[in-house]
Amino acid sequence: MEYRKLGQTDLKVSAISLGTEHLWCKKLDLMNSVISHSIDNGINYFDVVFSFPEYLRNLGTCFKGKRDKVYLTGHLRSGTHGEREHKYRLTTNVKESEKYFNRVLKELQTEYVDVAFIQMVNALDDYHKVIEPGGVLDLALRLKKEGKLRYIGMSMHKPAAALEAVKSGKIDVLMYPINIAWDLQPGRKEVCSACFKEKVGLVAMKGFAGGRLFLKQAVVRFTPTQCLSYILSQKGVTNVVIGPSDVEQLKESLHYNEASKKEKEYKYLISKLNEEYSGICIYCSHCQPCPANIDIASVFRNYDLKMMKKSPEYKKALKKTDEKVRFIKPAWIREKPAAVKKMKGKPQECLECGVCMERCPFDVDIISKMKQVAKSK
Ligand code: SF4
Ligand code: SF4
């Protein structure tokens, strides 16, 4: 196992680390076998994401006597639904966050976590709320002073807020989705470069896009080794948390450590992916700004939706496309710049200047499609 320094912290973490998200509903025996196998194979970083009592209690049992061998995280804002203690709820309430965090420490039978992540800080206004005086960041700073956590992190999905957090000097670690498919979306890889530049530890999550990169019907299929090889070769990435449901899945990922150079090769698959997406609008708005103030992504999306209702052939073709789009662009990583939301230009006002086409990473013939939309009005 390779070990890497997590940003400017003094933690040397295993390049492959363990996320416990998919173990929350498992029996103690299974959980224990996954954790033990991980430790035996060199994993030393474990992400503890929920505050469900039974899940925490079981993890506490699994780590008993092993606390000095592992780094443990906890998440602030990770709550439950009132009496339904096994239902996840994101809480923005500072007092509640502290209550759940204390539960994490108590049930894990530890006095501190190595990194506490402020969870799911996605939109910019949410980030600003978190850092305002008396907000969750202040809570984290106090808990740090009290010795209940060593380093402060944020788990985030969207680039704009993530970039601001990384450049702010307020966090030691960022947890962020990185995988071959979603990184095709423009702007996402800048977060890796920023972490590298600012020396912020970068923990990659969702490395297998929720398993969608392995599906038989996926446009291009990858192996866990190829996914890990891609993630761990991105500049700025420290480690990746995998989320196995059992020991077999864990072994499939750990195979990376003994895989051949050939098994780790992934670049030819990226070319294949690029070919697949060529000409398809994924509504990413990377073609902006448009001098005629046209919100190109929305115009195309609305046109596609309208045509889907009108024409069964169009619907069939678009459904196929939509499968691909959803594959690389799940809802929680979508982001439209605020300036684009205000654009009210009409398709008929297109100047055919072509600057959008130079910017589009997916080679969409925007001028032709805009003419098509204008004609349909
Ligand atoms: S035309 Fe290209 S850049 Fe513009 S929204 Fe579509 S895919 Fe993105
Ligand atoms: S070609 Fe049309 S849609 Fe594209 S930037 Fe120019 S005016 Fe806007």
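**Figure 1. Pairing of A116 with I152 in the predicted model.** The bridge partner of A116 in strand β9 is I152. The model shown here and in the following views is predicted.

**Figure 2. Strand β9 and its pairing with β10.** Strand β9 covers residues 149-155. Of its 7 residues, 5 are buried, and the strand is mostly covered. Strand β10, residues 173-177, runs parallel to β9 and is joined to it by 3 bridges. In this pairing, S155 has M175 of β10 as its bridge partner.

**Figure 3. K5 in strand β1.** Strand β1 spans residues 3-5 and contains K5. K5 counts as partly exposed because it has 13 C-beta neighbours inside 10 Å, whereas a residue is called exposed at 12 or fewer and buried at 20 or more. E252 lies 247 residues from K5 along the chain, and the C-alpha atoms of K5 and E252 are separated by 25 Å.

**Figure 4. The two domains.** The protein is divided into domain 1, residues 3-266, and domain 2, residues 278-376. Taken over C-alpha atoms, the centres of domain 1 and domain 2 are 34 Å apart.

**Figure 5. Surroundings of ligand 1.** The shell around ligand 1 consists of 13 residues. C281, C284, C287, A297 and C360 are the closest of these. By class, the shell of ligand 1 has 11 nonpolar and 2 polar residues, with no charged residue.

**Figure 6. Surroundings of ligand 2.** Ligand 2 is surrounded by 15 residues, and the closest are C290, A292, C350, C353 and C356. Two elements, α15 (355-359) and α16 (366-376), each give two or more residues to this shell. The contribution of α16 is the most, at 3 residues. The shell around ligand 2 divides into 13 nonpolar residues, 1 polar residue and 1 charged residue.

Methods. Residues are numbered from 1 along each chain as its sequence is written. Chains are lettered from A and ligands numbered from 1 in the order in which they are written. This is a predicted model: local features need pLDDT of at least 70, side-chain atom pairs count only at pLDDT 80 or more; totals for chains, interfaces and linings use all residues. A residue is near a molecule or strand if its C-beta atom, placed from the backbone, lies within 6 Å of it. Ala, Val, Leu, Ile, Met, Phe, Trp, Tyr, Cys and Pro count as nonpolar, Asp, Glu, Lys and Arg as charged, and the others, Gly among them, as polar. Domain bounds come from an automatic or database domain assignment. Helices (H or I, at least four residues) and strands (E, at least two) are DSSP runs, numbered from the N terminus. Two strands pair if DSSP finds at least two bridges between them.
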